[in-house]
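Subject: Structure handover

Hello,

I am passing on the structure we talked about. Please open it and keep it in view while you read the notes below.

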Amino acid sequence: MPVIEVDGLVKTYGETRAVDGVSFEVQEGEIYGIVGPNGAGKTTIVESVEGLRHPDAGSIRVLGLDPIADRYEITERLGVQLQESRLQDKIRVNEVLDLYASFYRNPADWRDLLDRLGLGSKVTARYADLSGGQKQRLAVALALIGSPEVAILDELTTGLDPQARRDTWETIEEIRRTGVTVVLVTHFMEEADRLCDRIMVIDHGRIAATDTPAGLIQRIGSEQRMRFRPSEPLDDALLTGLPDVTAVTHDGAQTIVTGSGNVVHSVTSLLAQRHVIAQDLRIEQASLEDAYLALTADELVETGSEVR
Ligand code: ADP
């Protein structure tokens, strides 16, 4: 059974159709990414799933329950990281965790949670004395303190330095290993690529695509490009004769081979046979970021004689 089922979700604010007929399912145990430009409708979608917003149309089921009618039951089983969760400056980390733990029937051991999030030494620190990254990780701890079956994390690593970001990713992978289903709203394609099993791309309130990270990348072509400086002169015809090669060009002393499939293997085998070394070899491939930009590129829409 899917853990989250959303069917035909619509939400308008005045003239703005913030979410315009979005349907998706999140399966148990997966890390499901929601990505899209600012204002695309991501927060409206997840806050509707959390029961914080009332949709105009469509149905939502979380663990088989209705987010609004079954709010109390869902709160016990769904952990939510609020964007920029703000706590009182003077409250201490242990106080806030004790407080939040008291809201749940089956709270997690928060000391263990803090250790896993690298906050073990901050137990008695005041909220105001935490760095941005530490506040962020405390927000993740609060999302997980009720031992939820599903966690929704919005802008998980915004404002974290690269090391803290990587540490947080490891924590999320660990949480998933314990069986928690994770929905991740993110701006960082590297993060989505590393963590998510599937990604939904939202643009202007609609789904632009739903696929695995690799599947999204493939949509914009699976060509690979190899750049290298051959240690010995090499006849282009040998390269163009290889089955997976589509083009061979030159940029100064560099040879650039474009192709698909097993092009890297074909070219390196040929070079090895000929005792040619590929100096400064670089292999370039489309990234999730490229795919995301292609999927969310704003096209100029013509309306009569005007272009808006
Ligand atoms: P995202 O999370 O992808 O940035 P949001 O769901 O926050 O997108 O917003 C989608 C659209 O709905 C935006 O145009 C935003 O301005 C509008 N919107 C969101 N919340 C409200 C609100 N409470 N009142 C009016 N407009 C809103």
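The notes below cover the ligand and then the aromatic rings.

Please keep in mind that this is a predicted model.

The ligand

Which residues surround the ligand? They are Tyr13, Thr16, Ala18, Pro37, Asn38, Gly39, Ala40, Gly41, Lys42, Thr43, Thr44 and Arg53. By class, this shell has 4 nonpolar, 6 polar and 2 charged residues.

A backbone N or O atom of Gly39 is 2.7 Å from a ligand oxygen. For Lys42, a polar side-chain atom lies 2.8 Å from an oxygen atom of the ligand, and for Thr44 a polar side-chain atom lies 2.5 Å from one. The protein buries 60% of the 560 Å² that the ligand exposes when taken alone.

Two or more residues of the shell come from strand S2 (16–26), and likewise from helix H1 (42–49). H1 gives the most, with 3 residues.

The aromatic rings

The count of aromatic pairs is 2. Phe24 and Tyr32 form a stacked pair, with 5.6 Å centre to centre and 15° between the planes. Both Phe24 and Tyr32 are buried. Tyr100 and Phe103 form a tilted pair, with 5.3 Å centre to centre and 50° between the planes.

Lys135 lies over the face of Tyr127, 5.0 Å from the ring centre. Arg165 lies over the face of Phe188, at 3.9 Å from the ring centre.

Regards

How values were computed. Residues numbered from 1 in each chain as written. Predicted model: local features only at pLDDT ≥ 70, side-chain atom pairs only at ≥ 80, totals over all residues. Heavy atoms only, no water. Phe/Tyr/Trp six-rings, centres within 6.5 Å; stacked < 30°, edge-to-face > 60°. Buried < 20%, exposed > 50% of the residue type's maximum accessible area, 1.4 Å probe, protein only. Lys NZ or Arg CZ within 6 Å of the ring centre and 35° of its normal. Near = heavy atom within 4 Å. Polar contact = N/O pair within 3.5 Å; in protein donor to acceptor, adjacent residues only side chain to side chain. Areas by Shrake-Rupley, 256 points an atom, 1.4 Å probe, with all protein chains shown as cover. Helix = DSSP H or I, 4+ residues; strand = E, 2+ residues; numbered from the N terminus. Nonpolar A, V, L, I, M, F, W, Y, C, P; charged D, E, K, R; others polar.
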